[in-house]
Amino acid sequence: DRWDYDLSLTTYLGDAFPAIIPDFGPGAIAAFVGGRAEVGMDTVWFHPREDLLVKDLRFEIDSHDAWYLRVQNIMRCAQERWEGVVQVGMTDLGGNLDILSSFRPGEKLLLDLYDDPESVKSATWSAHTAWWQAYDELNAILQPVNPGDTAWTPIFSAEPYYILLCDFCYMIGPDMFDEFVTPELAASCKRLANPFYHLDGPGQLPHLDSLLTIEALKGVQWIPGAGKPGFEHWPEVYRKIRDAGKLIQLSGSMATFEALVEKLGSAEGLVFMCSEPLSRKTEALDFLKKYDVL
């Protein structure tokens with residue numbers, strides 16, 4: 001009812017569409033495979049139930065997990081409520097090294113990369129298998145009713161889509177990214193028609209060149225990070241992404257978008273999301289006409 005109320009107060013312009021995301025925290029799959037979820041005021045943290053060595057980590061979806069069942073139930077109820085009028089998105093499953101870091105918190109996984117790299121790789125592919133099991137099972141609930149695909153960032157896609165991520169890689173260099181992250185990311189990209197990557201903060205910029213070599217990757221979502229200059233202040237990042245033939249997803253105000261387009265020379269390849277008060281509807285319509293969206 002609360003979601004329906006919020007949606008009813010919104011006018012959808014351009015390519016916008018009504019969507020809800022059953023969001024149980026970033027990396028919720030950690031709970032689905034046996035982790036302990038700790039609910040905070042505005043997020044969820046995931047912790048291991050026991051201290052296992054990386055060589056002992058094997059991940060399997062617990063079909064009876066309360067969190068997993070709750071996500072499925074909300075998806076089913078949402079589909080029954082809106083019958084395809086509202087796009088129901090995929091929950092934020094998280095990234096595979098992020099799953100490992102939930103079970104090897106602090107500096108443990110960082111040391112594992114040096115001390116036991118083969119076990120890290122084995123655990124990563126175990127997480128990969130569990131991740132795709134969850135994705136396929138949840139998607140089976142969504143797709144009979146959804147007109148298309150969407151995820152925790154609600155881009156509409158007629159085919160399977162997700163924004164993949166690896167927040168853990170903020171703490172590693174390009175060589176380790178290529179060894180421990182790129183192979184699994186590339187494999188996941190091949191299983192999606194429209195995969196994006198969540199490039200979160202300047203600490204991930206050293207990995208951009210590697211990401212852009214993944215042929216199946218369709219686009220990059222660049223997030224400057226808290227306390228950093230806004231979206232319009234990173235034209236060199238967007239230019240590199242676009243020159244590699246990838247799409248770009250960003251958010252912000254109409255003024256932010258216009259400032260960035262001025263620096264880039266065009267709006268080509270930009271997937272832009274913006275919310276404005278209804279009092280600015282006329283300005284929003286003019287903005288969409290300017291970029292031939294209407």
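1. Five strands make up an open sheet, ordered 5-6-7-8-9, with parallel pairing. Strand 5 (161-165) and strand 9 (270-273) are the edges, each pairing on one side only. From one strand to the next, the twist averages 25°. Strands pair if DSSP finds at least two bridges between them. Strands (E, at least two residues) and helices (H or I, at least four) are DSSP runs numbered from the N terminus.

2. This is a predicted model: local features need pLDDT of at least 70, side-chain atom pairs count only at pLDDT 80 or more, and totals for chains, interfaces and linings use all residues. Residues are numbered from 1 along each chain as its sequence is written, and side-chain values use heavy atoms, without hydrogens and water.

3. Strand 5 pairs with strand 6 (residues 194-200) over five bridges, in the parallel sense. Y197 in strand 6 is the bridge partner of L164.

4. The structure holds 14 salt bridges (a side-chain nitrogen of Lys or Arg within 4 Å of a carboxyl oxygen of Asp or Glu). One network links D51, R104, K108 and D112.

5. R2 and D6 form a salt bridge, closest N and O atoms 3.1 Å apart. Both lie in helix 1 (residues 2-8), four residues apart, about one turn. R2 is exposed at 62% relative accessibility; D6 is partly exposed at 32%. Exposed means over 50% relative accessible area, buried under 20%, partly exposed in between (1.4 Å probe, protein chains only).

6. K240 and D209 meet in a salt bridge at 2.9 Å, N to O. This pair links distant parts of the chain, 31 residues apart: K240 sits in helix 10 (residues 235-243), D209 in helix 9 (residues 208-212).

Key
Axes are lines fitted to C-alpha atoms, for helices over the stretch in contact, and angles run from 0 to 180 degrees between N-to-C directions.
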